[in-house]
Amino acid sequence: MKKNATNTRNKKSKNEPKKYNQKRKKVVSKRLREPEVEYEIKYIKAKKTFDESWDFKKSNTKEYTHCFHSYPAMMIPQVARRIIENYGKNAKMLFDPYCGTGTSLLEANIKGINAIGTDINPLARLIASTKTTKIDIQVLDLFLHDFINTFFYINFQIENIKSLVLPNVKNIDFWFSKSVQKKLGLLLNYIENIKDISIKNFFKVAFSETVRETSFVKPGEFKLVRRKNFNNVSEPDVFGIMNLKLSRNRQGLIEFEKAKVNDSHTFIYDFNTVNSIPTEILPSNSVDLIVTSPPYGDSRTTVAYGQYSRLANEWLGYKEASNIDNILMGGERRKHTHKFKSEILNDVISTIQKQDKERVRDVISFYEDYEKSINNVSTTLKKGAFACYVVGNRTVKGVNIPTDEITAELFKENNFEHLETIIRNIPNKRMPSKNSPTNIVGETASTIKNEFIVICQKQ
């Protein structure tokens, strides 16, 4: 971005929402206290702006195909949209290295930008791919009409259906009633007989949500926790829920196809940016813009992506469904120490280590993978291109980890300039209000209340 454009953006106007600038001296000490514990963390100078206009409190976060499927800690489309508008005016290729369900990919397509995303979770890839795939509505309607007719008839004959092969779902009787199992099995059998891949995936996305909503999983819970009163809950209308999901998603698909400005495309992959980035997919210096929201870290206690999607992944036949949290960033617990290219992070590690030598391993494991990923991702961007990371700052053992400043430092080590960090409140992001940082029943802590939009430019 040209300097004069940057200066213009940073100038205050009378109509702009109120902003609060946070300026730090070169080294600032922040003192934190826990019972019988006192320690300091040192932060490096950082330019941050708190901007309430990024909160999007009253915005519709389910526009277009963003309505397709709930998922933990989704970046809201308005954030991705504004980042693309500000930093991707001439972009032709956007990359999201932790794409989740494809929020940034979809927003790129709406702006006429091609996009590439990658994610380890097969359910996330299914949703992202389906959200960004064009489907002939007239053809889709033929399938939807057939679906309604088929299951209207089956609903009255279900007691006569005896033989039905179900997928290998671990502890299936613990999570689903016998009646729900049979109905989900009938739905899955219907979907598997659809030959058109894009339409089959469209049905699979609706089926995935139906699986979770008809299970005994506690509502509003990301982890696999069975509700206490499951025996007293009325039998869910499995076919009705599936039909509602299909109808809602059809409307979102129509809105998306009307909004697209050209024939832009999205390509979804499963490579892990921690390990490498295939140059045949993304050559060095080929990407114009990165817009992403990386995992918060330690999915076992913060946001359990794998647990959230396990039942749907198993019903859909995806392998290693129960192992996703272990292969996500930081999932492999390290026993060694690591010297990071971020002095802030090294200070944080040292502080947490004094509190808990075991817990610090989880922190080291995540940020070691995070550092490797940023190193690899940095090579894909063109000179002058922007890396825009939407991150949250976790707290471990009472220590707030400034992932925003760590991110900026790690990009600086890869020849990037940190332009700014925008702080926003999280009024809409799908996050639990409490989590269990120790995994001990009854011990909870408040989760992340703010997001930090870190903007870096390759030099």
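Reader: What stands opposite phenylalanine 95 in S8?

Author: In this predicted model, isoleucine 290 in S8 is the residue opposite phenylalanine 95.

Reader: What makes S5 and strand S8 a pair?

Author: Pairing requires at least two bridges between two strands. S5 and S8 (residues 287–292) have 2 bridges, in the parallel sense, and therefore they count as paired.

Reader: Which way do the residues of strand S5 point, and are they buried or exposed?

Author: From S5 (residues 93–96), Met93 and Phe95 point one way, whereas Leu94 and Asp96 point the other way. All of them are buried, which means that each has under 20% relative accessible area.

Reader: Why is the unit made by S5, helix H3 and S6 called right-handed?

Author: The term applies because, with the strands pointing away from the viewer, the path from the first strand over the helix to the second runs clockwise. S5, H3 (residues 103–110) and S6 form such a β-α-β unit.

Reader: Which residues have the most contacts inside the largest nonpolar core?

Author: They are Phe176, Phe203 and Phe207, in a core of 48 residues. Helices that each supply at least two residues of this core include H3, H5 (137–157) and H8 (197–213). Apart from this core lies another, of 43 residues, among them Leu282 and Phe366.

Reader: What does phenylalanine 207 touch?

Author: Leaving aside residues up to four places away in sequence, phenylalanine 207 touches Leu184, Leu187, Leu188, Ile191, Met242, Trp315 and Leu316.

Conventions
Residues numbered from 1 in each chain as written. Predicted model: local features only at pLDDT ≥ 70, side-chain atom pairs only at ≥ 80, totals over all residues. Heavy atoms only, no water. Buried < 20%, exposed > 50% of the residue type's maximum accessible area, 1.4 Å probe, protein only. Helix = DSSP H or I, 4+ residues; strand = E, 2+ residues; numbered from the N terminus. Core = buried A, V, L, I, M, F, W, Y, C linked by side-chain atoms within 4.5 Å. Contact = heavy atoms within 4.5 Å.
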